[in-house]
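Hi everyone, thanks for coming.

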Amino acid sequence: MIVLVTIKKKYIAFVLGILIVIGYLCVNTSIQHVFVQDETRQKIQDIFHKRNQGILDKDENTIQKLYDTKLRYGIWAYEHEIKKMKYLHKWASKQGVVFTKIDSNTVVGKINDKGEKTTINLIASTTYEYFYENDPNIKNNFRIGTYHSLDVQKRGNEWVIIREWYTDPFADSMELDDMKTEEFKKYITDQKERDFSNMIERRKKALKYADEYCGAAAKENYIYNKKYINYNHLGGDCANFASQILYEGGEFRKNYTWNYTKEGSKSWINAHAFKNYMIYSGRASTVAYGTYDQVYKGAYKLLPGDFVAYEKKGKITHISVVTGADSKGYALVNSHNTDRYRVPWDLGWSDKKIKFHLVHVHF
């Protein structure tokens, strides 16, 4: 009996020892995994910080160092950032503004380490700060949310981008060279701040909804309303979001044509059909229509809850909802697809190929 007890004690001690070792290894491996994840997140944040600073400073060399420009996808990604940088500063010149800060908050999702490269999916919520040249003491800002998939490689202590894909908010319009920017600048910078404090309650509620569910451009949470399908991967979610703003916030009633049950009707989710429905139903009316130089003065009549429809080659391809105005009364918009929060209404769209429908909604 004594021998059996002794054997059992030794066996128990042996098993406990094994369990302790396994537990240690598991915890240690978990700690290493967390460390790797944290290191990846910090490296990505550093890349975005350097790239934003390079764009702000118009420093092509700083941006180039972040990419492997010997690879096809690397050079394409780099060249696109340079094109975007030039467009952003041309737009600032047209607007009469100076950008003072570009800052991204990155939220890393899936990380797939493939040995020779690491594939990372992430959200970037980027804040742009600016002031008008003739009013430098008043700061303005807006946010743009983007969804990225990129491949990176370690090169010594640094990481470089060898491929990057994301929905670029400026991709639809990067040709400002032939526009009369001095004429625009003078008119815009001569304007005054607008007061929306006397808005009706329905417009205020529409504005609140637009800010809460503007996705990756929001201040936090970065969510869409889960009651609705996200149509971004099915052609775009901009009209769906505009419809939600009018229904959930603005208290517009659904009907047979404009409706959402398990999915949205055509006029609820399609940008072209949404614009046509709102106009022809009498729920909205056109303030101005045409190219930027034909409509930009009319944009000062837009109120929160109104919307802008963007036309390319005769078809409406995007809808943004007006959510405010900056220190010069310039209309700001929220939207989905590339998520926007209080972004100047023409930013990313201001060239002669684009026509605008500025639409006043009858609340």
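I'll talk about the nonpolar cores, then the aromatic rings, and finish with one threonine. Please keep in mind that this is a predicted model.

Let's start inside. The largest nonpolar core has 57 residues, and Phe 99, Tyr 292, Trp 345, Phe 356 and Leu 358 touch the most other members. Helix H3, residues 72-95, gives the most to this core, with eight residues. Apart from it there is another core of 32 residues, including Tyr 213 and Met 278.

Now the rings: the structure holds 32 aromatic pairs. Take Tyr 128 and Phe 142: their ring centres are 4.9 Å apart and their planes are at 10°, so this pair is stacked. Tyr 128 comes from strand E2 and Phe 142 from strand E3, and both residues are buried.

Tyr 292 and Phe 356 are edge-to-face instead, with 6.4 Å between centres and 70° between planes. Tyr 292 sits in helix H9 and Phe 356 in strand E10, so the pair ties together parts 64 residues apart in sequence. Tyr 292 is buried at 1% relative accessibility, and Phe 356 is buried at 0%. Ring pairs link these two into a cluster that also includes Trp 345 and Trp 349.

There are charges over rings as well: Arg 143 lies over the face of Tyr 341, 4.3 Å from the ring centre.

And the threonine? Thr 338 is in the loop between strands E8 and E9, and is buried, with a relative accessible area of 8%. Its side chain makes a polar contact of 2.7 Å with the side chain of Arg 340. Thr 338 also touches Gly 145, Thr 167, Asp 168 and Pro 169.

Conventions. Residues numbered from 1 in each chain as written. Predicted model: local features only at pLDDT ≥ 70, side-chain atom pairs only at ≥ 80, totals over all residues. Heavy atoms only, no water. Helix = DSSP H or I, 4+ residues; strand = E, 2+ residues; numbered from the N terminus. Buried < 20%, exposed > 50% of the residue type's maximum accessible area, 1.4 Å probe, protein only. Contact = heavy atoms within 4.5 Å. Polar contact = N/O pair within 3.5 Å; in protein donor to acceptor, adjacent residues only side chain to side chain. Core = buried A, V, L, I, M, F, W, Y, C linked by side-chain atoms within 4.5 Å. Phe/Tyr/Trp six-rings, centres within 6.5 Å; stacked < 30°, edge-to-face > 60°. Lys NZ or Arg CZ within 6 Å of the ring centre and 35° of its normal. Lists of a residue's contacts leave out its neighbours within four places in sequence.
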